[in-house]
Amino acid sequence: MQFGNRRKKLIVNAQTEQLYGHCLQFYSQSPTENISLSEFETFAVERLKLLKTVENLGVSYVKTSEQYTKKLDTEFSSLNFPFRSEKSSSGPSEYEKRRKDHISHFILRLAYCQTEDLRRWFIQQEIDLFRYRFNCLNSKSKREFLHLNNLRYDTVSVMEKTNLAEKLINSSFAVSGITVEDQDFYKVPFQDALDLVRTRKVYLKEGFVYVPHMEIVTIVLNDFRTRLSKALALTARSLPAVQSDERLQPLLNHLSHAYVGQDYSIQKSIGKISLDQIETLSAKSYPLCMRQLHRALRESHHLRHGGRMQYGLFLKGVGLTLDQALQFWRSEFVKGKVDADKFDKAYAYSIRHMFGKEGKRTDYTPYSCMKVILSNPPSQGDHHGCPFRHTDPELLKQKLQSYKVSPGGMSLMLSLVVFYFSYQTKCFCSVQIEDSGFSLNHPNQYFLESQKLLGGPGAVAGGKGDVKREDIATPKPSNVARKNTLVSSLRNRHQVTGPQLAASLTCTLKTPVSTSTVLPLSNVF
Amino acid sequence: MITLEMPAAVYDQASLPDLLPLYYRRLFPFSQYYRWLNYGGVTKNYFQNREFSFTLKDDIYVRYQSFSTQSELEKEMQKMNPYKIDIGAVYSHRPNQHNTVKSGCFQALEKELVFDIDMTDYDDVRSCCSAADICPKCWPLMTIAIRILDRALREDFGFRHCLWVYSGRRGIHCWVCDEAARKLSVAARSAVAEYLSLVKGGEETVRKVVLTDPIHPFIRESLAVVEHYFTQYALLGQDILGSKEATDKVLGLVPEDVKKELLIEFKTEKNPERRWGRLTTMAQNKRTTVKKGHYFEKEIMLQYCYPRLDVNVSKGVNHLLKSPFSVHPKTGRISVPIDLRELDRFNPFEVPTISLICEELDLPKMAGEEEDQEDPKENDKEAGERRKIRDYKRTSLAKYVKLFDQFLEEMARSRKGELIKKSDLQKDF
């Protein structure tokens with residue numbers, strides 16, 4: 001199947017009808033068309049954004065609640081993924097969406113099949129996504145889906161249903177007389193419905209489980225999970241061949257490490273930090289990279305461009321206003337070799353630029369960890385970058401030991417350990433402290449989390465509860481309770497100290513290279 | 001007329017070394033055994049890849065035994081004279097060559113779904129015996145277990161070939177031999193076992209059965225079986241509402257207010273059946289007045305009678321379980337199939353011991369027994385086979401082998417039926 005110019009009339013043949021005939025699919029057939037490398041990357045990144053949203057919303061909301069659904073709806077349409085089947089399912093745009101859904105799923109399989117952690121994360125989000133989409137279908141669409149996918153779930157005849165009515169009602173708390181009358185019941189082999197059998201939540205007769213239509217999603221999800229699990233194992237095996245394509249390797253690496261979450265550019269706490277708090281904050285709540293930069297700035301009253309960008313944007317994320325930032329940098333620089341005039345001429349401009357007040361007025365976002373690590377490695381005289389990536393282990397060890405950690409900062413040190421330990425395994429996106437659903441991959445996030453733990457001014461104070469949760473994607477318990485779980489789970493999970501860890505670090509990462517040529521997917525999948 | 005005197009065949013573990021060779025040479029039903037585990041030869045190497053384990057004299061335990069043919073199995077067993085035989089899974093390769101297989105490739109693929117009910121697990125609710133002892137008073141627990149589980153396996157799960165076997169000492173085993181059962185995954189076996197479990201909790205748990213609305217049809221069916229046996233077994237046999245100690249234990253399972261009232265009533269009412277009647281009535285009353293379901297009388301019945309199975313035995317595909325027709329070294333009893341048509345009459349103390357059947361072998365032929373018909377075409381080997389076939393028939397083992405035969409016949413019929421169905425679907429003629 002070849003698609004050159006999008007404007008050409010679409011050739012909808014039997015194959016595409018099968019693949020894209022329904023807005024939802026099991027992804028059992030791999031794509032075979034040719035696409036451009038840029039489309040390859042775009043598709044993948046957008047699906048990743050979607051899955052990250054699924055993850056974040058899943059932590060903050062009950063997965064079937066209205067708020068969850070509404071927010072996921074919004075993300076869906078904004079990212080152009082196939083939406084509810086009520087919309088017209090014909091025409092290029094819906095078709096394009098389904099194609100994107102199909103191809104992007106397979107690309108992410110490549111990126112997420114390699115380790116147990118990555119697979120688990122991917123399967124979990126894809127399942128949540130599937131559940132959401134299946135539940136959005138109307139009854140007819142659900143049936144169509146089952147039919148299209150040869151799911152051997154026979155409908156129970158009305159007669160049998162009536163005969164078994166009492167037993168069906170008595171088998172499940174959720175089933176009433178009305179349910180039996182109104183809904184279809186499906187006969188599913190018990191091996192496909194083990195969770196329902198195990199807990200005896202369903203009627204079982206002669207090896208078949210009698211599932212009401214409203215529960216069929218559980219069965220379908222089990223099926224989906226099994227298929228996906230098997231598929232990922234297979235993908236992992238064929239991955240070396242795929243990775244030998246030089247154009248793909250950096251892309252795929254980049255994907256499984258890509259940060260697509262909160263960008264910390266909109267801060268509720270703007271103006272809530274005063275400049276004289278910065279010193280204390282740097283000791284208590286800065287991640288190591290920023291602490292390093294701050295110290296360097298204080299000591300030499302200067303930072304080079306890379307350092308100014310990294311630290312400057314971080315401060316913006318922390319909540320400094322443009323005026324505060326200008327004051328901060330000027331006060332520091334004039335203690336050194338730069339006088340006030342020179343500062344205003346040479347450096348103020350770039351600070352204003354950072355805040356989107358100059359040039360093309362891009363409001364730059366604070367760098368994520370990945371960006372800090374991957375782009376612009378520091379050279380002699382630089383203090384930016386990631387200490388764990390760019391610093392010699394011995395030196396790093398000394399640094400960690402020299403940074404005196406106050407009692408309140410102990411938990412932060414531990415979180416440092418966690419954060420950098422995860423970097424060791426190169427699984428940024430999936431840093432999870434399971435008990436608290438905490439995920440760490442951005443310096444400003446680190447700052448906010450630590451401020452929360454300490455109850456400091458940098459924490460997002462008050463505000464609308466919902467919005468706050470949405471920004472941070474942290475679990476619901478109160479600060480105190482969460483502090484306990486966070487700290488204790490940190491302690492339990494990682495008994496390695498910073499210095500020990502530093503001593504054993506080795507990291508190599510290639511900088512991604514991309515070309516824009518056409519990629520035949522049939523060679524990939 | 002020859003008057004037959006049956007010498008008292010007392011079993012002594014010390015005589016096993018003498019009895020076992022006799023048992024394995026002349027009585028063990030090898031051809032039925034092979035017929036069973038070969039499953040009609042439908043799957044290639046199914047018998048060859050089956051693991052057996054033997055416990056030999058002096059507790060020497062050998063695993064990963066496997067055999068290519070029935071004849072090889074016979075020869076080996078006659079050579080080793082195992083005290084105990086266990087059956088394991090059908091593996092991906094011959095178990096006796098598992099060391100030659102690349103690490104990770106040697107996998108357990110299939111095995112019958114099995115259940116093991118052990119009387120020891122009921123010690124907290126039986127007053128007549130404890131540990132490895134059993135007696136006619138507590139044996140009904142096994143009867144109840146078989147009835148409940150067999151019904152569920154057949155009617156709920158659709159399994160049709162369940163072989164129930166007396167373990168030889170204190171319990172029963174079930175071998176579910178359907179093809180679907182043999183192919184079940186670990187997760188599926190575990191789910192089946194959980195579905196069948198109602199009594200939960202160990203030493204620390206007083207109330208081991210908790211029922212909530214709605215009462216699942218499976219529980220209802222199981223209760224019907226328990227109710228059938230409850231009066232005779234529990235109220236009369238076990239006397240659970242007789243002595244103060246026993247009654248207090250039962251009352252520990254009812255709500256406080258009911259307990260208080262019953263204690264008062266029991267001061268004057270001493271008859272166990274009437275006591276139970278009062279308890280049941282109070283439960284029913286509670287249900288009509290209070291909104292939440294109060295099922296304590298049902299919970300008590302289940303706690304005292306419902307089968308307690310060990311989920312771990314059922315879960316593992318590679319789990320080894322004592323083989324039917326194996327000897328139990330401690331009691332000498334043969335692990336024989338149980339006839340479900342005569343279930344209520346089954347008496348574990350009447351199950352033949354190895355010493356009994358070996359003695360029966362030596363008995364002179366009765367008048368009227370079939371004369372040895374010499375067939376000129378028959379060679380020594382075949383004559384030997386025939387004699388051997390007739391050998392077990394002269395002993396108390398006969399009826400159990402016959403039962404096993406019927407079980408195997410049922411499976412063969414089923415297989416044939418399946419083949420016909422399949423070929424019909426494919427329109428092969």
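# Aromatic pairs, cores and a cis proline

Tutor: The structure holds 51 aromatic pairs over all chains. A pair here means rings of Phe, Tyr or Trp (its six-membered ring) with centres within 6.5 Å; planes under 30 degrees apart count as stacked, over 60 as edge-to-face and the rest as tilted. This is a predicted model, where local features need pLDDT of at least 70, side-chain atom pairs count only at pLDDT 80 or more, and totals for chains, interfaces and linings use all residues. Residues are numbered from 1 along each chain as its sequence is written, chains are lettered from A and ligands numbered from 1 in the order in which they are written, and side-chain values use heavy atoms, with hydrogens and water left out.

Student: Why is the pair of Tyr286(A) and Phe447(A) edge-to-face?

Tutor: The ring planes of Tyr286(A) and Phe447(A) are at 65°, so the pair is edge-to-face. Their centres are 6.3 Å apart.

Student: And where do Tyr286(A) and Phe447(A) lie?

Tutor: Tyr286(A) lies in the loop between helix H12 (278-285) and H13 of chain A, and Phe447(A) in helix H21 (residues 443-454) of chain A, so the pair ties together parts that are 161 residues apart in sequence. Helices (H or I, at least four residues) and strands (E, at least two) are DSSP runs, numbered from the N terminus.

Student: Are Tyr286(A) and Phe447(A) buried or exposed?

Tutor: Tyr286(A) is buried, and Phe447(A) is too. Buried means under 20% relative accessible area, exposed over 50%, partly exposed in between (1.4 Å probe, protein chains only).

Student: Now chain B. What are the distance and angle for Trp36(B) and Phe404(B)?

Tutor: Their ring centres are 5.8 Å apart and the planes are at 80°, so this pair is edge-to-face. The pair links distant parts of the chain, 368 residues apart. Trp36(B) is in helix H2 (residues 30-38) of chain B, and Phe404(B) is in helix H15 (residues 398-426) of chain B. Both residues are buried.

Student: Which residues touch the most other members of the largest nonpolar core?

Tutor: Tyr23(B), Trp36(B) and Leu196(B), out of 195 residues in that core. A nonpolar core is a set of buried Ala, Val, Leu, Ile, Met, Phe, Trp, Tyr and Cys residues joined through side-chain atoms within 4.5 Å.

Student: What does Leu196(B) contact?

Tutor: Leaving aside neighbours within four places in sequence, the contacts of Leu196(B) include Phe115(B), Leu149(B), Phe218(B) and Tyr306(B). Contact means heavy atoms within 4.5 Å.

Student: Which residues does the second core include?

Tutor: That separate core of 35 residues includes Leu281(A), Tyr286(A), Cys289(A) and Met290(A).

Student: Cys289(A), then. Which residues does the "binding site" annotation cover?

Tutor: The UniProt annotation (unreviewed entry) covers Cys289(A), Cys369(A), Cys386(A) and Cys427(A). UniProt positions are given in the numbering used here, feature names are shortened, and annotations may be inferred rather than shown by experiment.

Student: Where are Cys289(A) and Cys369(A)?

Tutor: Cys289(A) is in helix H13 (residues 288-300) of chain A. Cys369(A) is in helix H17 (residues 369-374) of chain A. Cys289(A) is buried, with a relative accessible area of 6%. Cys369(A) is buried, with a relative accessible area of 6%.

Student: New topic. What does Pro214(B) touch?

Tutor: Not counting residues up to four places away in sequence, Pro214(B) touches Ile169(A), Asn170(A), Ser172(A) and Phe173(A). Pro214(B) is in the loop between helix H6 (186-195) and H7 of chain B. Its relative accessible area is 24%, so Pro214(B) counts as partly exposed.

Student: Is the peptide bond from Asp213(B) to Pro214(B) cis or trans?

Tutor: That bond is cis, with omega near -15°.

Student: What about phi of Tyr39(B)?

Tutor: Phi is near 50° there, a positive value in a residue other than glycine. Tyr39(B) sits in the loop between H2 and strand S1 (50-55) of chain B. Tyr39(B) is buried, with a relative accessible area of 3%.

Student: Last one. How many helices and strands are in chain A and chain B?

Tutor: Chain A has 25 helices and six strands. Chain B has 15 helices and eight strands. Buried residues make up 51% of the 525 residues in chain A, and 50% of the 429 residues in chain B.
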